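Subject: Structure handover

Hello,

Here is the structure I promised you. Please open it next to this email and follow along.

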Amino acid sequence: MAFLNTQGRWKIIVGAVTIAVILIFAFREALQDRTGFRRPIAPDENYDPKKFYSDVDNTPIDSQNATDDEPILSSSSGGCAGFPNAEDILIVMKTGATEAYDKLPIHLLTTLRCTNNYLVYSDMEQEIGGYQIFDSLDEVDSSFANNHKDFDLYRQLKEYQSYSQDVRTLKAGDNAWNLDKYKFIYMLEKTYRARPDPKWYVFIEADTYLVWSNLLRWLDTLDHRKPLYLGSPSYLGDIEFSHGGSGFILSQAAMEDTVGAHPGMATRFQKDMSEACCGDAILAKALLAEGGVKVTKRWPMIQGEKPTTIPFDKQHWCVPVVTMHHLSPEEVTRMWQAELQRENSEDPLIFADIYDHFVSARLSSQREDWNNLSDDLKYTERSTDTEAKYGDNKPWDELTGIEQEAFMSLENCLAACTANEECFGWMYVDKKCNLSRSIKLGGRKVADGASKYVSGWMMERVEKLKGEMEPCKPKWITGS
């Protein structure tokens, strides 16, 4: 076969590149026409809510008609159509410069397509395909940012940007975590200055999945005039806070009472941030100290698991899902597709729906090279440590004979699960037997060496639980 000459090869290359560029721009324009994609308005001091919102109804919610028990969603034709009061909700996404190109685009194609009322904050100002990402840390005192070790990555990012280097090649590691904790309060202050009018501020991360329809159903029943800080509770010492990755929600009143009434809060808590591990914890400390706003627990509606790691049990089964965490772009895509394919799309998406779609068909009595994340009760060989605990946090001598032998073999591990009426799943590897009080799917896991991960589920118990819980009436989490 004769080879093309140099001139012919270059013509082909130039032609291919030209076609690719045309297709990219055509796709982008088509996507904007079909999905309502619009670049979010940049935050600035001259923000005009009348220009940003269209037909905003500023009439306060009639709290007499707003209850947690009967969320109402107007009729929807699928996708993003028919959602109520979406213009009153601002989505604020936190990401990092080294991950933004990998994690942000999928959100623009899925949940963020339902609104143009969102802001994205990072540790470096960027633009991705015409969508603006804002630097959350550009107001940190320069003497601190230029010298503190927690800002090593921030300074590296600035250097890479100045030389037009690809920031994705930076090995961020712990430096990204050390820097991330400073973003929370600074991001809150910037957000409120730029957007003081939304009734609700929903803060998520780039690997958080937001069930948009459920969020709107739920917030439509709540009163934004109350200082609410809604989330999944976590603890750092005596600090109770809403876990950032799970997402958290602040009402307009909560924002007014904290960053609105007390500007400069981030600077005042900068030392606390530098000494702590977690920015979401220091945020909670600041909200309580300066505005008297404390966490309102809304777990498991707001929670930090994803379909493969959710512990399906009676606490979860009929509860509507508002957030999930640690989803890869591929998992976000699958979750979004599952939402669009639901036959009962006008009903709230509950945990049982996720179980039916992602988990049910993949369970079996035994599965090799699989870790189903059973970890509620752990059995191993007897330790020389006399203080060691096993199973349900018991000393060795308080274990039954079946429990003491559970580590010896796969068959013994299964027997221990069978003997425990609360056990729904088991996992065995290398003389370790773990049992679970909930149904978890987990994922493929190949062990090193000769040992093998083997997992199984008690299928009769699984089906019995499903039968007891269904049909479900959505159970929205309420109370203080």
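Where is the place of P471? P471 sits in the segment after α17 (459-469). Helices (H or I, at least four residues) and strands (E, at least two) are DSSP runs, numbered from the N terminus. A cis peptide bond joins E470 to P471, with omega about 0°.

Some ground rules. This is a predicted model, where local features need pLDDT of at least 70 and side-chain atom pairs count only at pLDDT 80 or more, while totals for chains, interfaces and linings use all residues. Residues are numbered from 1 along each chain as its sequence is written, and side-chain values use heavy atoms, leaving out hydrogens and water.

**Overview**

The chain has 17 helices and 19 strands. Of its 480 residues, 51% count as buried. Buried means under 20% relative accessible area, exposed means over 50%, and partly exposed lies in between (1.4 Å probe, protein chains only). Contact means heavy atoms within 4.5 Å. Take the contacts with a separation of 6 or more: residues 24 or more positions apart account for 72% of them.

**Cores**

A nonpolar core is a set of buried Ala, Val, Leu, Ile, Met, Phe, Trp, Tyr and Cys residues joined through side-chain atoms within 4.5 Å. The largest one has 65 residues. I91, L215, W218 and I439 have the most contacts inside it. Helix α14 (residues 351-359) gives the largest share of this core, 6 residues. Look at L215: beyond its neighbours within four places in sequence, L215 contacts I89, I91, V202, L210, I249 and V322. A second, separate core has 51 residues, including M265, C278, A284 and V293.

**Around V293**

V293 lies in the loop between α12 and β11 (296-297). V293 counts as buried because its relative accessibility is 1%. Leaving out residues up to four places away in sequence, V293 touches P227, Y229, A254, T258, L287 and L288.

Helix α12 (residues 279-291) has 13 residues. From first C-alpha to last, α12 reaches 17 Å, close to the 18 Å expected at 1.5 Å a residue. That expected span is 1.5 Å times one less than the number of residues. Among the buried residues of α12 are A284, L287 and E290. Just after α12, G292 takes a positive phi of about 70°.

Now helix α9 (residues 252-260). Its buried residues are Q252, A253, A254, M255, T258 and V259. Their cover includes α7 (183-194), β5 (200-205), β10 (248-251), α10 (265-268) and α12.

**A helix pair**

Helix α3 (residues 100-109) and helix α13 (residues 329-341) pack at about 10°, with axes 9 Å apart. So α3 is roughly parallel to α13, a label for angles under 35 degrees. Axes are lines fitted to C-alpha atoms, for helices over the stretch in contact, and angles run from 0 to 180 degrees between N-to-C directions. D102, I106, H107 and L109 in α3 meet P329, V332, T333 and W336 in α13.

The W299 to P300 peptide bond is cis, with omega near 5°. P300 lies in the loop between β11 and β12 (323-325). D369 is not a glycine, yet has a positive phi of about 55°. K431, also not a glycine, has a positive phi of about 60°. K431 is in the loop between β16 (425-429) and β17 (432-436).

Best wishes

Terms used. Parallel < 35°, antiparallel > 145°, perpendicular 65-115°, else oblique.
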